[in-house]
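Here is a friendly walk through the model shown below. Keep the structure open as you read, and look up each residue as it comes along.

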Amino acid sequence: MRILGIETSCDETAAAVVEDGVRILSSVVASQLDTHGKYGGVVPELASREHLRAIVPVVREALQRAGSTYGDLAAVAATEGPGLVGSLLVGLTFAKGLCFARGLPLIAVNHLEGHIHAVMLEARQRGEEIRFPALALVVSGGHTHLYEIKEPGSYRLLGRTRDDAAGEAYDKVAKLLGFSYPGGPVIDQLARYGNPEAVRFTRARMKGNPLDFSFSGLKTAVLRWFEKRDMEAEVRARRELLRHNPRPSIEDWLAVTPRETLDLLASFQATVIDELLRRAAASAGQIGARSMIISGGVACNAGLREAARSAHLSVPVYFPTPGLSTDNAAMIAAAAFPKYRRGEFAGFDVKARANLALA
Amino acid sequence: MRETYRTHSEEETVALGEKLAGCLAPGAVVLLIGTLGAGKTTIAKGIVKGLGAAAPDEVSSPTFTLIHEYGDPPAVYHVDLYRIDEPAQLDSLGLEELFDRRAVVLVEWGDRFPEFWPADRFEILLRRRDDTEREIEFRRSVPGGSP
């Protein structure tokens with residue numbers, strides 16, 4: 001049984017065909033990074049326009065690569081939220097049109113549930129079984145959420161950011177210091193060359209729910225550090241580098257990044273990772289979790305993966321492979337299978353919802 | 001109208017936002033002006049609470065998603081233009097539509113596009129004095145009035 005998944009919640013236009021909830025027959029992702037990179041972030045009007053341009057060829061390619069036709073499909077799944085409404089609408093409306101024309105059922109999927117299912121799908125592929133209750137950390141440019149998954153499909157929100165998302169903190173620090181967008185990959189790579197204990201950042205202490213996150217104070221601390229030093233020349237050198245070469249290599253970056261700045265990046269990254277893992281471990285303990293899932297764009301971070309491995313957590317930790325960490329449609333199709341089995345279909349009046357909550 | 005306050009903690013900044021919310025009627029546009037880490041999102045938490053739209057902990061940075069809505073129907077739109085560089089990008093966001101709804105519109109980084117906003121609007125200027133102390137100025141600019 002095959003489901004076509006469509007994902008357009010942010011700046012990736014993606015389509016995938018997944019069979020029986022476990023075999024990814026195709027997964028096509030058209031990234032708008034080149035369009036947005038120069039703007040230092042996602043620009044909604046550009047995003048919708050790019051989705052409109054990409055959606056038809058991306059879906060067609062996903063079907064071709066899967067060796068599928070519309071006639072093979074059991075259902076079409078699309079992301080209904082959270083995300084940018086203009087972007088979500090492109091994928092959701094396309095899916096509605098397709099379902100209407102072909103008489104297929106439509107399944108609406110929460111983007112965050114998709115990220116969790118990316119991990120569950122890959123575990124099934126390896127023949128492993130994720131044990132429940134599980135703790136899920138979904139961490140990206142727009143989200144930093146901790147969920148209890150009592151059993152598949154049953155979520156409870158345990159904590160989330162009260163200000164900036166973790167990926168957003170990376171983007172803002174990168175922009176401040178003259179690095180490229182998105183900030184995560186470049187900081188992750190350069191952090192390896194610095195001393196993570198060189199700059200002591202205060203850990204966020206949360207009043208109220210101790211499982212909530214805050215990255216605003218850390219961002220401000222980096223700004224203070226920056227203001228106390230004369231960094232204009234090196235920031236200018238990096239912006240200059242980016243103007244001539246939009247994809248600098250790690251050596252290019254190292255040539256315009258002094259040791260002290262590498263130490264700052266390493267310390268910043270170590271602090272973010274510590275905040276994430278400490279709360280994830282505390283939540284896992286609190287709910288008696290038997291496994292931990294870490295997903296979303298920041299799950300690509302090599303420093304985070306290494307730290308999770310060496311933290312000797314009492315439960316197994318599952319990360320998606322990098323291709324399924326960032327936004328993709330295979331995870332949307334995967335999340336649709338249990339809904340299909342339960343007969344949870346969406347009407348054609350389903351709306352794109354920017355703030356859609358998972359729990 | 002122009003008033004200046006000092007706050008000495010995030011809690012005081014939230015409480016001030018709650019108090020200032022009393023001056024804001026539906027349709028009000030409020031620019032939150034200050035550098036990275038000045039407390040724009042923090043005072044927005046207080047305003048959203050003061051307007052009864054959501055609890056402060058539910059208010060987070062809209063940098064990534066650009067616009068957050070609070071209340072059902074939305075009583076507050078919380079906009080963040082940090083990622084917007086060009087006026088042309090701003091034009092396509094559809095912000096004018098928000099001005100016509102019966103809601104308060106809070107805008108971070110809006111001062112970078114001064115000609116875009118209604119002449120009758122509120123501005124909250126946040127200045128960091130040290131790690132915890134903030135000087136916060138609340139003012140209303142009225143067309144033809146003193147700036």
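## A buried aspartate in chain A

A:Asp171 has a relative accessible area of 12%, so this residue is buried (buried means under 20% relative accessible area, exposed over 50% and partly exposed in between, with a 1.4 Å probe and protein chains only). A:Asp171 sits in helix H5, residues 166–176 of chain A. Helices (H or I, at least four residues) and strands (E, at least two) are DSSP runs, numbered from the N terminus.

What does A:Asp171 touch, not counting residues up to four places away in sequence? The list holds A:Tyr181, A:Pro182, A:Gly183, A:Gly184 and, from the other chain letter, B:Arg83 (contact means heavy atoms within 4.5 Å). The A:Asp171 side chain also reaches the backbone nitrogen of A:Gly183 at 2.8 Å. That is a polar contact: a pair of N or O atoms within 3.5 Å, where within protein one must be able to donate a hydrogen and the other to accept it, and residues adjacent in sequence count only if both atoms are side-chain atoms.

## How to read the model

This is a predicted model, in which local features need pLDDT of at least 70 and side-chain atom pairs count only at pLDDT 80 or more, while totals for chains, interfaces and linings use all residues. Residues are numbered from 1 along each chain as its sequence is written, chains are lettered from A and ligands numbered from 1 in the order in which they are written, and side-chain values use heavy atoms, with hydrogens and water left out.

## Chain B as a whole

Chain B has four helices and seven strands, and from the N terminus on they run β-α-β-α-β-β-α-α-β-β-β. For its 147 residues, a compact globule would have a radius of gyration near 15 Å, and the 14 Å of chain B agrees with that (taken over C-alpha atoms; the globule rule is 2.2 Å times the number of residues to the power 0.38). Buried residues make up 55% of chain B.

Among the contacts in chain B with a separation of 6 or more, 61% link residues 24 or more positions apart.

## A buried tyrosine in chain B

B:Tyr70 belongs to strand S3, residues 67–70 of chain B, and counts as buried at 7% relative accessibility. Leaving aside neighbours within four places in sequence, its contacts include B:Val48, B:Ala53, B:Val59 and B:His78.

One of its polar atoms lies 3.5 Å from the backbone oxygen of B:Glu58, and the side chain reaches the backbone nitrogen of B:Ser60 at 3.3 Å.

## Helix H11 of chain A

Helix H11 covers residues 302–310 of chain A, and its buried residues are A:Gly303, A:Leu304, A:Arg305 and A:Ala308. Their packing partners in chain A include helix H6 (183–191) and helix H10 (259–287).

## Backbone features to look up

Most residues other than glycine have a negative phi, and most peptide bonds are trans. A:His312, in the loop between H11 and S10 of chain A, has a positive phi of about 50° although it is not a glycine; this residue counts as exposed at 69% relative accessibility. A:Asp20 has a phi near 55° and is partly exposed, at 38%.

Where are the cis peptide bonds listed here? One runs from A:Gly81 to A:Pro82, with omega near -10°, and another from B:Asp72 to B:Pro73, with omega near 0°.
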